[in-house]
Amino acid sequence: MFRQLILRLTALSPFRWLTIETRLGRAVAGRFVAGERLVDAMGAARRLDRERIASMLDLLGENAEAPTQAEAAREAYLAALKTISNEPSLDCAISVKLTQLGLDESVDACRANLLPILEAAERDGTLVMVDMESHAYVDATLEVVHGAHERFPRIGVALQSYLRRTERDVFDLPHQMRIRLVKGSYLEPPDVVFEDKRDVDASFRRLFVTLLARGHAIDVATHDPRLIEGARRRVDALAGGWSRVEFQMLYGVRRDLQARLARQGYPIRVYIPYGTEWYPYLTRRLAERPANMWFFLSSVLRSGRTRS
Ligand code: FDA
């Protein structure tokens, strides 16, 4: 309920203005976003690398409104791949959103933009993951990813445990495809998602077990200590299990836990968002935790009082 309320509130233009146009809003965004430029994201990746944490760059942006926007996103990803390839000692992947690459225009337009990214990544041995967006895009996303997997078997995709359909989708995945398992973060109607957190968590557990049994490489992408502990125990008990499972977390979220898992020797990767289109991403992070929203609103009130 809280999450839905925040996502509705942050969709209103005054809230958007307050966040984007004020120094305060930008400061809050700075907790979750590495910066506006590729160089900022690479700096974050190097800092994490010093703690033995791998990284995954995400150029912020979704729903390209014109072909030129999707082409610009493609070029930005090609530039990111080139920069990553210049630092071979850095374990750094990329993550793309298909609506940023033209999925709203057509599956073919999206494929045309994704292809050069996959070719460049394949040449350099860089992992490409595909984010999962709102439920309206799941069929098209899976269609593009399944098709690409035949030629680029290292491509992976995110699946959301809050979607009721995911428990069916897992049985149609290409053999051994890499899956990033997440809870899901979009505002969705109740007929397509589990609304109760306990059901979302139970679905996450079941999906993890199914994916593991079916031989997939799995990214356990959550900050939920109980789910992390459950996955850790299962994989510890499986011979060679850590060769195909890693933990993943978001930049700026549970840094203590990220560092602890890395110190304990578990494979962990952090998703590093960067770019100017950070507003939708920030709203999803604010909605995930009441404390984040409270921190933001109380800072606004404090700065208002200071000015008056
Ligand atoms: P949950 O929300 O239950 O949080 C568990 C605990 O983690 C909280 O109690 C709190 O301590 C901490 N926490 C979680 N979020 C926080 C925040 N914003 N600020 C501070 N603390 C926080 N979603 C999607 O729909 N498509 C996608 O492709 C992806 N991709 C993706 C990649 C990676 C690497 C991660 C980690 C996550 C995603 N997500 C995603 C987001 C995901 O769906 C989910 O919204 C967030 O991970 C938050 O949910 P948790 O699993 O952490 O659990």
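Here are my entries, from the barrel to the ligand.

I'm working with a predicted model, where local features need pLDDT of at least 70, side-chain atom pairs count only at pLDDT 80 or more, and totals for chains, interfaces and linings use all residues. Residues are numbered from 1 along each chain as its sequence is written, and side-chain values use heavy atoms, with hydrogens and water left out.

**Barrel.** I looked up the strands (DSSP E runs of at least two residues). Eight of them close into a barrel in the order β1-β2-β3-β4-β5-β6-β7-β8, with parallel pairing (two strands pair if DSSP finds at least two bridges between them). The twist from one strand to the next averages 30 degrees. I then checked β6 (residues 218-221) and β7 (residues 245-250): four bridges join them. Asp-219 stands opposite Glu-246 in β7.

**Thr-283.** Buried or exposed? I found Thr-283 buried, at a relative accessible area of 8% (buried means under 20%, exposed over 50%, partly exposed in between, with a 1.4 Å probe and protein chains only). Thr-283 is in helix α12 (residues 279-288), a helix being a DSSP H or I run of at least four residues. Leaving out residues up to four places away in sequence, Thr-283 touches Leu-7 and Thr-10 (contact means heavy atoms within 4.5 Å).

**Ligand.** I count 26 residues around the ligand, Lys-183 and His-223 being among the closest (a heavy atom within 4 Å). For polar contacts (N or O pairs within 3.5 Å), I noted a ligand oxygen 2.6 Å from a polar backbone atom of Gly-184. Another entry: a ligand nitrogen is 3.1 Å from a polar backbone atom of Arg-285.

Conventions
Axes are lines fitted to C-alpha atoms, for helices over the stretch in contact, and angles run from 0 to 180 degrees between N-to-C directions. A polar contact is a pair of N or O atoms within 3.5 Å; within protein, one must be able to donate a hydrogen and the other to accept it, and residues adjacent in sequence count only if both atoms are side-chain atoms.
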